[in-house]
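Here is a short note for a colleague who has not seen this structure before. Please read the points with the sequence and the 3D view open.

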Amino acid sequence: MTPVPIFLEVNGERIDTHVLPRLNLADFLREHLKLTGTHVGCEHGVCGACTVRLNGEIVRSCLILAVQAHEGSVETIEGLSDSGEIADLQAAFRDRNALQCGFCTPAMLMAAQDLLKQNPEPDREEIREHLSGNYCRCTGYQAIIDAIETTARLRAERAP
Amino acid sequence: MKASAFAYARATSVVNALELLAVYGDKAKVLSGGQSLMPAMNLRLISPEFIVDIGELAELRGIFVKGDVITVRALTRHVDVLRSPEIATHAPLLRDATSHVAHPAIRNRGTLGGSLAHADPASELPACMVALGATVIVCGPQGERRVPAQEFFTGIYETALSPQELLVAVELPVARKDSAHFFHEFARRHGDYAMVGLAAQSTIVGGQFTDLRLGFFAVGDRPLLAGAAGKLVNVAVTPEVLAKASVILGEELDPQEDQQATPAMRRHLAQVLLQRCVSTLLSRPDLQGLPAR
């Protein structure tokens with residue numbers, strides 16, 4: 001099984017490398033690029049902890065091979081956090097205690113930001129539905145939904 | 001777990017993909033969106049020696065309407081189906097069903113062709129194909145062949161596809177003006193595989209069904225086009241008529257036992273769905289809430 005050449009962009013940085021075909025994108029990000037904010041939980045698409053953006057859309061990085069991200073643009077929680085894109089969402093999560101152990105949080109933020117980009121003023125049911133693919137074993141979800149609802153409201157108030 | 005090692009080729013065209021499949025045959029698996037294949041590989045349920053990645057083949061994308069037929073090519077993603085005005089207008093059952101397929105991050109990658117070729121008996125889209133009377137278009141070494149959806153699904157994860165063939169598109173009849181559809185499923189969590197589900201397509205004239213196709217899923221080893229529908233067509237549906245159809249449905253189902261539900265529970269839920277479907281489609285609230293059988 002020979003390594004396959006790939007190039008892609010990760011958080012705006014161009015990466016040229018070789019990977020084994022069996023390597024999934026989550027492990028590529030964590031093990032090769034040391035971007036450990038992307039978490040690996042169930043490895044079969046149920047828990048959602050590995051959610052990242054590929055070409056602007058959220059995906060499960062455990063269900064994508066690194067070779068499939070060839071020529072693509074990946075954004076991880078590190079990218080979203082460093083750019084300040086989700087600073088208000090992160091603050092709302094902190095303020096509302098919408099995280100406890102933090103394992104699910106990077107992916108929750110990814111999914112929440114994805115929702116707010118598509119639907120700036122979702123109701124609680126729409127928030128629940130968009131986050132239905134992300135497990136949290138600590139919070140019971142209510143605080144997460146509160147934090148997202150609050151962020152949506154504050155963004156709407158700030159908008160011109 | 002992680003997938004076991006395999007060799008990988010990125011197909012450059014449908015012709016190239018078929019050449020690769022001709023060489024590797026049943027040692028190979030076709031990778032489109034990977035949202036069914038990758039979980040199965042990560043769980044080591046399957047360990048193909050060779051992966052043929054068709055994900056970049058633009059010729060397998062797109063939704064086209066021509067006359068009475070809507071063609072959906074294999075690599076059309078679930079999110080593309082949800083956003084398509086053509087699907088919303090001409091195959092609204094497929095749109096409703098797709099909104100129940102997994103979660104947004106999975107719908108951004110998973111494809112219609114991949115879901116059909118994977119043929120999980122609990123998945124929504126095979127049942128839609130059966131209910132809509134779709135035709136599955138398959139390409140192989142001998143050229144193209146057209147398989148009616150009802151003959152395409154042959155068992156748990158089994159289809160009429162040979163290892164050398166590629167599913168390239170499906171054709172659906174454009175929904176008629178007097179048609180109505182119903183979709184509902186029972187699942188533990190929104191987006192999970194259903195315990196029982198129903199995709200139904202009908203035509204209704206003067207308060208009676210002139211056609212009714214009931215595609216049940218997660219009630220057997222493949223989607224079931226229920227014969228019970230025959231008892232409801234071209235008759236005035238009374239509670240007695242519906243109860244009779246419900247009994248027949250219970251008899252024709254052969255549900256599996258798994259950690260989600262017993263066969264008896266699945267049979268009961270299917271009968272509840274039948275009642276809700278008929279009552280909703282005919283706008284007859286008096287048919288709701290009757291004993292399921």
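1. Terms first. Helices (H or I, at least four residues) and strands (E, at least two) are DSSP runs, numbered from the N terminus. By that rule, chain A has six helices and five strands. Their order along the sequence is β-β-α-β-β-β-α-α-α-α-α.

2. The model is predicted: local features need pLDDT of at least 70, side-chain atom pairs count only at pLDDT 80 or more, and totals for chains, interfaces and linings use all residues. Residues are numbered from 1 along each chain as its sequence is written, while chains are lettered from A and ligands numbered from 1 in the order in which they are written.

3. Overall form of chain A. The radius of gyration is taken over C-alpha atoms, and the globule rule is 2.2 Å times the number of residues to the power 0.38. Chain A has a radius of gyration of 16 Å, close to the 15 Å from the rule for 160 residues, so chain A is as compact as a globular protein of that length. Its C-alpha trace spans about 50 × 35 × 20 Å along the principal axes.

4. A residue is buried if 20 or more other C-beta atoms lie within 10 Å of its own, exposed if 12 or fewer, and partly exposed in between; C-beta atoms are placed from the backbone. Buried residues are 47% of the 160 in chain A. Two residues are in contact if their C-beta atoms, placed from the backbone, lie within 7 Å. Of the chain A contacts between residues at least 6 apart in sequence, 60% join residues at least 24 apart.

5. One residue to check. Is Gly84(A) buried or exposed? Gly84(A) counts as exposed, because it has 9 C-beta neighbours inside 10 Å. Gly84(A) sits in the loop between helix H2 (77–83) and helix H3 (87–95) of chain A.

6. Chain B. This chain has eleven helices and 14 strands. Its radius of gyration is 19 Å, which agrees with the value near 19 Å for a compact globule of 293 residues. The C-alpha trace of chain B spans about 60 × 45 × 35 Å along its principal axes. Of the 293 residues, 51% count as buried.

7. The interface. In all, 27 residues of chain B are in contact with 24 residues of chain A. On the chain B side, strand E1 (7–10), helix H2 (37–42), strand E3 (50–53) and helix H6 (104–107) each supply at least two residues.
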